[in-house]
Amino acid sequence: MIDRRLSITGRVQNVSYRDWFVREASGLGLTGWVRNRGDGSVEAYVRGSEEAVAAIVAAAREGSAAARVESVVVEPTPPEAVEGFERRATL
């Protein structure tokens, strides 16, 4: 299992990006969370197999149908105690 934090920028708020991300991540068997940030970006924490994490990173670069992703920054991060995949409130 690997843990990664994603920072996604572009037109990613008010376009159902978080809901889409939850569906994609859950479908890949990942655990973690996704939330909007006050600066207009979206942040996510994902935990899973290398293959599943690579798949969500690739998907995050495409985004939901209405999103226009400019960049996805991926960083290693310490494990968090999470179950399932959830949408969190804006930070």
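Predicted model: local features only at pLDDT ≥ 70, side-chain atom pairs only at ≥ 80, totals over all residues.
Two strands count as paired when DSSP finds at least two bridges between them. Strand E1 (residues 2-11) is joined to E4 by 8 bridges, and the two run antiparallel. Within that pairing, Leu6 stands opposite Val74 in E4. On to E3: E1 and E3 also run antiparallel, this time with 7 bridges between them. Here Arg5 has Tyr45 of E3 as its bridge partner.

E2 and E3 form a hairpin, with 5 residues sitting between the two strands. Gly40, in the turn, has a positive phi of about 95 degrees.

Put together, the strands make an open sheet of 5, in the order E4-E1-E3-E2-E5 and with mixed pairing. E4 and E5 are the edge strands; each has a single partner, so one side of each goes without a neighbour in the sheet. On average, and ignoring direction, neighbouring strands are turned by 15 degrees against each other. As for E3, 6 of the 7 residues in this strand (residues 42-48) are buried, so the rest of the structure largely encloses it.

The helices come next. H1 lies across E1, E2, E3, E4 and E5, and runs at about 175 degrees to E5. H2 packs on the sheet as well, touching E1, E3 and E4, with its direction at about 150 degrees to that of E4. Within H1 (residues 17-27), the buried residues are Tyr17, Arg18, Trp20, Phe21, Val22 and Ala25. A helix of the α type has 3.6 residues a turn, so residues three or four places apart point the same way. The buried residues of H1 pack against E1, E2 and E3, and also against helix H2 (50-62), strand E4 (68-76) and strand E5 (85-87). Just after H1 comes Gly29, which takes a positive phi of about 80 degrees.

The structure holds 5 aromatic pairs. Trp20 and Phe21 have ring centres 6.2 Å apart and planes at 70 degrees; angles over 60 degrees count as edge-to-face, so this pair is edge-to-face. Phe21 is buried, with a relative accessible area of 0%, and Trp20 counts as buried at 12%. Together with Tyr17 and Phe85, Trp20 and Phe21 form one aromatic cluster.

In soluble globular proteins, nonpolar side chains tend to be buried together. The largest nonpolar core here has 24 residues, of which Leu6, Tyr17 and Phe21 touch the most other members. At least two residues of this core come from each of E1, H1, E3 and H2, and H2 gives the largest share, with 6 residues. Setting aside neighbours within four places in sequence, Tyr17 is in contact with Ile8, Val12, Val42, Ala60, Gly63, Ser64, Ala67 and Val69.

Val34 lies in E2 and is buried, with a relative accessible area of 0%. Beyond four places in sequence, Val34 touches a list of residues that includes Arg18, Phe21 and Val22, along with Val42, Glu43 and Ala44, and then Phe85, Glu86, Arg87 and Arg88. Ala67 is 33 residues from Val34 along the chain, and the C-alpha atoms of the two are separated by 15 Å.

Asp3 lies in E1. Is Asp3 buried or exposed? The cut-off for buried is under 20% relative accessible area, and Asp3, at 7%, is therefore buried. The side chains of Asp3 and Tyr45 are joined by a polar contact of 2.4 Å. Again not counting residues up to four places away, Asp3 touches Tyr45, Val46 and Arg47, and also Glu75, Pro76, Thr77, Pro78, Pro79 and Glu80.

Conventions. Residues numbered from 1 in each chain as written. Heavy atoms only, no water. Buried < 20%, exposed > 50% of the residue type's maximum accessible area, 1.4 Å probe, protein only. Helix = DSSP H or I, 4+ residues; strand = E, 2+ residues; numbered from the N terminus. Contact = heavy atoms within 4.5 Å. Phe/Tyr/Trp six-rings, centres within 6.5 Å; stacked < 30°, edge-to-face > 60°. Core = buried A, V, L, I, M, F, W, Y, C linked by side-chain atoms within 4.5 Å. Polar contact = N/O pair within 3.5 Å; in protein donor to acceptor, adjacent residues only side chain to side chain. Axes fitted to C-alpha atoms, helices over the stretch in contact; angles between N-to-C directions.
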